Amino acid sequence: MSGRALLMWDEAVTGYDFGPSHPMDPVRLALTMGLVRAYGLDRAMDVVAAPPAGESTLRLVHRADYVAAVRAVSADPGSADGSYGLGTMDDPAFAGMHEVSALIAGQSVGAAEAVWRGDAAHAVNFAGGLHHAMPGAASGFCIYNDPALAIARLLELGAERVAYVDVDVHHGDGVQAAFWDDPRVLTVSLHEHPRMLFPGTGWPEETGGQEAEGSAVNVALPPGTGDAAWLRAFHAVVPELLADFRPQVLVTQHGADTHFEDPLAHLAVSLDAQRMVQDACHSLAHEYVEGGRWVALGGGGYAVVDVVPRSWTHLVGIAAHAPVAPESVIPASWRDEVYARTRQLGPGRMTDGREASWREWEAGYDPADRVDQAVLATRRSVFPLRGLLA
């Protein structure tokens, strides 16, 4: 297996643009790639542009009538009437919607194929992670579900165990739905509590269908959860599950919207804790996955200047085995690019200045702590189904 990591990138992915008033501003992708280049990470890995996902690939997850509907509104955005979730406030129709959505999906599928073949141990598509799209509907800024398509392609290629870990602030509902009855796929999502945030799913009692009980894992965190509690929850659930499942590939989704500056959610996680979870996913891939096969995706994140580019540049550096020092001063060339594109001043360092740490689950359960309550609810719901102690 090649020691080089892959970065999936095609400038055309910045055409995934719902319009000037939409929170998912594609400048976040352009600025992330600019910061990756400013740190020379594009020279530390192979930058590859995969072809768009074709009809047969899209059909691995999405219904034929839905793909046809996306094609139709892509050609004529004015025809969108809200059916199939297209033309809504969350997912406005725009010209070329099908083409750019298929391109983003193609990057994630291409990443999965390359890692499975052994062309690289790790592959990153930070334009991906569009985890809300359903088999027959757009949802939550997501048209095609590239994480689910990447996993489905791995299964088609012969994978028997794929683990998906989602740390976006929103529940990874579309991926969970796609593999609800498939015991070959373990989906783990840590997210803000569904009472408080879209999509309203991701309760600890959601543990998989009758054919795959224990294959869905959900940690529903209370608003205001900060670094120490977020890291504690991750480490109290994810490593033990991966050690038991022993996936052949690990697919992770790294939405940056857990950050305390994100305007659409209510967790209080720092860039430093996000980086620590990215690094933990990398270490877990090397520890529990054959060949260290790891596909890392982006996701949500709506603090498009201060947070998203820094978070995902850390992810790229970790995957490339060339991590960016948190205390490093961000190159002035990138800050100039930020100002030119947004008329905003970019951040100066690759850190929020936090010393993120956590208390191990084995150190003891605090019955008065709401995050501990959430972790215990998850462990009690799903761990016994997998033969593990709650």
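This is a predicted model: local features need pLDDT of at least 70, side-chain atom pairs count only at pLDDT 80 or more; totals for chains, interfaces and linings use all residues.
I'll start with the helices. Two packed helices are described by the angle between their axes and the distance between the axes. Here the pair is α4, residues 97-117, and α5, residues 146-156. Their axes come within 8 Å, and the crossing angle is roughly 35°. The crossing of α4 and α5 is right-handed.

Which residues in α4 and α5 meet? From α4 we have Ile104, Ala105, Ser108, Val109, Ala112, Glu113 and Trp116. Facing them, α5 supplies Asp146, Leu149, Ala150, Arg153 and Leu154. Sorted by class, this contact has 8 nonpolar residues, 1 polar and 3 charged.

Next, the largest pocket. The volume of this pocket is about 270 Å³. Which helix gives the most to its lining? That is α11, residues 370-382, with 4 residues. The lining of the largest pocket includes Arg370, Gln373, Ala374 and Ala377. Also among the lining residues are His193, Arg195, Met196, Trp203 and Pro204, along with Ala220, Pro222 and Pro223. By class, the lining splits into 8 nonpolar, 2 polar and 2 charged residues.

You will find Thr187 in strand β5, which covers residues 185-192. Is Thr187 buried or exposed? Its relative accessibility is 5%, so Thr187 counts as buried, since buried means under 20%. Setting aside neighbours within four places in sequence, Thr187 is in contact with Tyr164, Val175 and Gln176, and also with Ser215, Ala216 and Val217.

Terms used. Residues are numbered from 1 along each chain as its sequence is written. Side-chain values use heavy atoms; hydrogens and water are left out. Axes are lines fitted to C-alpha atoms, for helices over the stretch in contact, and angles run from 0 to 180 degrees between N-to-C directions. Helices (H or I, at least four residues) and strands (E, at least two) are DSSP runs, numbered from the N terminus. A crossing is left-handed if the near helix is turned anticlockwise from the far one by less than a right angle, and right-handed if clockwise. Contact means heavy atoms within 4.5 Å. Ala, Val, Leu, Ile, Met, Phe, Trp, Tyr, Cys and Pro count as nonpolar, Asp, Glu, Lys and Arg as charged, and the others, Gly among them, as polar. On a 1 Å grid over the protein atoms alone, a cavity is a set of points where a 1.4 Å probe fits but cannot get out, and a pocket is an open set with protein on both sides within 12 Å along at least five of seven lines; lining residues have an atom within 4 Å of a point. Grid points are joined across faces, edges and corners, and a volume is the space filled by probe spheres set on the points. Buried means under 20% relative accessible area, exposed over 50%, partly exposed in between (1.4 Å probe, protein chains only).
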